[in-house]
Amino acid sequence: MTQKETPEITKLHKRLRKNVGNAVVDYNMIEENDVVMACISGGKDSFAMLDILLSLQKVAPVKFDVVAVNLDQKQPGFPEHILPEYFESLDIPYYIVDKDTYSVVKQKVPEGKTTCGLCSRLRRGTLYSFAEKIGATKIALGHHLDDIVETMFLNMFHGARLKAMPPKLRSDDGRNVVIRPLTYCREDDLIKYAEYKQFPIIPCNLCGSQENLQRQNIKAMLVDWDTKTPGRVESIFKSIQNVSPSQLADRDLFDFINLPIDRAAQKAEYEFAEATVSSSNIDESLFIDITNI
């Protein structure tokens, strides 16, 4: 049972729906007759994503289906009854996919080391394969704006790469398309929404028990920035949408090698172009007259 809806919650719901709707339109995430495989982990973000997708499904200008899929990674103590009961209460099609990635991660990752990388790769491979099996045309993940910005800084600080998570991604083999409908949503809003909706949240025993994860450090940094300078995180995200390759330094992204001067082209109107020479030891008669060029 959800709590009584207040004006604040009504605004929150409208904001989340608007943000998801805008992201879907901006990146053409969902098309006519799509089968969207909503990946539900048991966390607040994926629950909110499913809830909002089902809400948009009723009013969207295109027809699409939503199938909920949970990957049961066989973590000890995982309450296997919660998600099936929740999906049944929504009266939606769902699958619980069993794959013991927990044992693989615990076996291969030394105690105290971050498990997220390997865990993510194992999940991705399983979900990609299952999407094909059920005929899903889009794989929806619950990453939000904060996740995307955090990932960018993680890659910068620990991988020396300017890379985040795109709102829409085609897999390397071209066989699957991943979408992130919560791309424009802030985590604070999702936390409030989850509290209101009283989603049956299931904690992750793999990463939840690890302290001082690199992502937690990045998150703390961004929270501090957001507190001192509200809007900074949104500005950082917008910078990901507004990239100038020639103003960076990636030689594969921009051809810095071949940049010849072309003074036959139309001359731009430079601001403060006129300069007066007060002193020089150069013979100005050697200058090229460019007034008629």
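In the predicted model, Cys-39 has a relative accessible area of 10% and is therefore classed as buried, since the term applies to values under 20%. Cys-185 is likewise buried, because its relative accessibility is 0%. A disulfide is a covalent bond that links the sulfur atoms of two cysteines. The structure contains zero disulfides.

Burial was also examined for the chain as a whole. Of its 293 residues, 38% count as buried. The accessible surface of the chain amounts to about 18900 Å², and carbon and sulfur atoms account for 51% of that area.

The secondary structure of the chain consists of nine helices and six strands. Contacts were considered between residues separated by at least 6 positions in the sequence; of these, 75% join residues that are at least 24 apart.

On the surface, a nonpolar patch is formed by Met-156, Phe-157, Leu-162, Val-243, Leu-248 and Leu-253. Together, these residues present about 560 Å² of accessible area. One member of the patch, Met-156, belongs to helix α6, which spans residues 145-159. With a relative accessible area of 35%, Met-156 is classed as partly exposed, because this value falls between the 20% limit for buried residues and the 50% limit for exposed ones.

Definitions and conventions: Residues numbered from 1 in each chain as written. Predicted model: local features only at pLDDT ≥ 70, side-chain atom pairs only at ≥ 80, totals over all residues. Heavy atoms only, no water. Patch = residues over 30% accessible without salt bridge, like charges linked within 9 Å, V, L, I, M, F, W, Y side chains within 5 Å. Areas by Shrake-Rupley, 256 points an atom, 1.4 Å probe, with all protein chains shown as cover. Salt bridge = Lys/Arg side-chain N within 4 Å of Asp/Glu carboxyl O. Helix = DSSP H or I, 4+ residues; strand = E, 2+ residues; numbered from the N terminus. Buried < 20%, exposed > 50% of the residue type's maximum accessible area, 1.4 Å probe, protein only. Contact = heavy atoms within 4.5 Å. Disulfide = S-S within 2.5 Å.
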